[in-house]
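Thanks for making time this morning.

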Amino acid sequence: MPLVSGREADVLRLLGRGLANKQIGTELGISERTVKAHVGSVFRRIGVADRTSAALWARDNGY
């Protein structure tokens with residue numbers, strides 16, 4: 001079973017590229033509020049507390 005859902009993986013990939021929540025929302029066609037919810041869920045699932053750690057985790061794990 002994957003660690004993150006498909007949409008969370010999309011968000012994680014874009015977060016790893018350094019995009020802001022608003023930019024991620026625009027790219028994926030979802031609201032900034034929804035992006036924030038996905039980011040929080042991703043943080044919990046991968047065990048990080050901030051965007052930098054999440055971006056590094058994404059890089060190290062092939063996202």
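Let me start with burial: a residue is called buried when its relative accessible area is under 20%, exposed when that value is over 50%, and partly exposed in between, using a 1.4 Å probe and protein chains only. At 19% relative accessibility, His-38 therefore counts as buried. What you are looking at is a predicted model, in which local features need pLDDT of at least 70 and side-chain atom pairs count only at pLDDT 80 or more, while totals for chains, interfaces and linings use all residues. Residues are numbered from 1 along each chain as its sequence is written, and side-chain values use heavy atoms, with hydrogens and water left out.

Now the overall fold. The protein has four helices and zero strands, where helices are DSSP runs of H or I with at least four residues and strands are runs of E with at least two, numbered from the N terminus. For 63 residues, a compact globule would have a radius of gyration near 11 Å, and the 10 Å of the protein agrees with that; the radius is taken over C-alpha atoms, and the rule is 2.2 Å times the number of residues to the power 0.38. Along the principal axes, the C-alpha atoms fill a box of roughly 25 × 25 × 20 Å, and 38% of the 63 residues are buried.

Which residues have the most contacts inside the largest nonpolar core? That core has 18 residues, and the ones in question are Leu-12, Leu-15, Ile-24, Val-39, Phe-43, Ile-46 and Ala-54. At least two core residues come from each of α1 (6-16), α2 (21-28), α3 (32-46) and α4 (51-60). By a nonpolar core I mean a set of buried Ala, Val, Leu, Ile, Met, Phe, Trp, Tyr and Cys residues joined through side-chain atoms within 4.5 Å.

Turning to α1, its buried residues are Glu-8, Ala-9, Val-11, Leu-12, Leu-14 and Leu-15, and they pack against α2, α3 and α4. Just after this helix, Gly-18 takes a positive phi of about 90 degrees.

Two residues show these contacts, meaning heavy atoms within 4.5 Å, in more detail. Leaving aside residues up to four places away in sequence, Ile-24 touches Val-11, Leu-14, Leu-15, Leu-19, Val-35 and Arg-51. To come back to His-38, this residue sits in helix α3 and, with the sequence neighbours up to four places away again not counted, touches Arg-7, Glu-8, Val-11 and Ile-30.
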